[in-house]
Amino acid sequence: MEFKNDLSDIFKNTSATYKFYWFLAIIETWKEERRETIPFSKLVSNMIGRAWHTVHYSDLSFGKIDMLRDTCIELQESLNISVKADRREVQNILLSQKNDPYVENCLSQYYKNVPYRLLSLWINFKTQTDTVIRSKYFENGCLYRINNDSEKSITINPVWQKYLLNNYESLVEFSLCSLESYLKNCNPKADDIRKAIRGVYNTCPFCNINNGDIIAENEYALAFFDKFPVNKGHTLIIPKRHIANYFDLTEQEQISIRSLIQQVKDNLDSEYSPDGYNIGVNINESAGQSIFHVHIHVIPRFKGDVEEPKGGVRGVIPAMQGY
């Protein structure tokens with residue numbers, strides 16, 4: 001991988017997990033919200049949410065000076081947040097209570113060094129004030145400037161914005177691989193570090209599919225039989241990445257899914273010889289989505305499996321199926 005302005009050096013000489021989680025928070029928030037100015041509170045809440053499952057489902061050390069593990073444990077106990085909460089839920093809880101003195105103190109302890117230290121790739125760190133001044137006009141093309149207003153925030157450098165979007169997947173993978181290497185150094189005898197940091201311990205059933213259940217697979221997607229089939233051969237196709245909304249899939253993921261739809265259809269033709277198919281995806285709760293990991297249904301249809309098939313997918317609103 002090649003990264004603009006030697007971004008591959010961004011995690012060098014780090015002695016805690018903060019840089020990894022801070023950078024991941026920046027690129028994820030920018031991708032999802034496209035707001036170039038992001039409050040520290042949102043980024044730190046994202047950091048804590050991303051670390052949540054790693055902390056509560058593993059005994060990994062984050063390093064001698066790292067306080068993120070302790071923060072996650074203290075917040076769980078004080079606010080009674082479920083250890084099974086996903087990172088979005090954790091982040092939303094913290095943001096909704098960010099003005100509470102206890103939560104504010106937990107978040108603000110990460111405001112003091114993390115935002116400034118990440119910029120050391122472009123600006124030699126002397127003092128926080130010096131970094132704020134020098135980042136104001138994006139000295140040396142630095143990734144963001146620090147806004148020292150009443151609500152501290154960063155503003156992403158416009159020259160980086162398109163790059164972060166276009167290379168989002170690669171940057172996430174690079175960051176997670178770098179975090180994995182760091183944690184291996186801290187935990188030389190630990191197993192399954194990769195699984196711990198990538199959320200394999202989360203509650204999403206599609207993130208925990210057994211390899212033996214996979215009936216077709218390519219680089220970005222996989223297929224398996226629905227455990228509650230509408231008809232024999234009912235198959236689900238999912239992206240390997242955990243993501244809720246079909247319209248947020250990358251072009252590569254969409255191409256991979258379309259390829260698997262055809263492959264699955266050919267296999268089902270050979271196995272069951274159906275008379276037709278319904279292919280569909282539920283997007284958001286109002287459309288019937290109950291598992292928030294994109295999944296496409298490929299449902300074989302047979303003559304006589306319903307009394308009146310006319311209208312097909314229009315049947316999602318029963319009164320409108322006939323026409």
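Patch, sheet and salt bridges

A: M320 is found in the segment that follows β8 (296-301); helices (H or I, at least four residues) and strands (E, at least two) are DSSP runs numbered from the N terminus. The model is predicted, with local features needing pLDDT of at least 70 and side-chain atom pairs pLDDT 80 or more, while totals for chains, interfaces and linings use all residues. Residues are numbered from 1 along each chain as its sequence is written, and side-chain values use heavy atoms, without hydrogens or water.

M320 has 46% relative accessibility and so counts as partly exposed (buried is under 20%, exposed over 50%, partly exposed in between; 1.4 Å probe, protein chains only). Together with V316 and I317, M320 makes a nonpolar surface patch of about 320 Å² (residues with over 30% relative accessible area and no salt bridge; nonpolar side chains are joined within 5 Å, like charges within 9 Å). The area comes from the Shrake-Rupley method with a 1.4 Å probe.

Elsewhere, three strands make an open antiparallel sheet in the order β1-β3-β2 (strands pair if DSSP finds at least two bridges between them). At its edges are β1 (37-39) and β2 (144-147), each pairing on one side only. Neighbouring strands of the sheet are turned by 25° against each other on average, direction ignored. Three bridges link β1 to β3 (residues 153-156) in the antiparallel sense, and T37 stands opposite T155 of β3. Helix α1 (residues 18-33) packs on this sheet and touches β1, β2 and β3, its direction making about 60° with that of β3. Contact means heavy atoms within 4.5 Å; axes are lines fitted to C-alpha atoms, for helices over the stretch in contact, with angles from 0 to 180 degrees between N-to-C directions.

Charged pairs come next. The whole structure holds 15 salt bridges (a Lys or Arg side-chain nitrogen within 4 Å of an Asp or Glu carboxyl oxygen). One joins R134 to D130, with the closest N and O atoms 3.3 Å apart; both residues lie in helix α7 (residues 128-135), four residues apart, about one turn. In helix α9 (residues 168-186), E180 and K184 are also four residues apart, and their side chains meet at 3.4 Å, N to O. E180 is buried because its relative accessibility is 9%, whereas K184, at 44%, is partly exposed.

K265 and D269 form a salt bridge of 2.6 Å, N to O. They are four residues apart in helix α11 (residues 251-272), so about one helical turn separates them. K265 is partly exposed at 30% relative accessibility, and D269 is partly exposed at 25%. Salt bridges with shared partners also join E28, E32, R50, R87 and R88 into one network.
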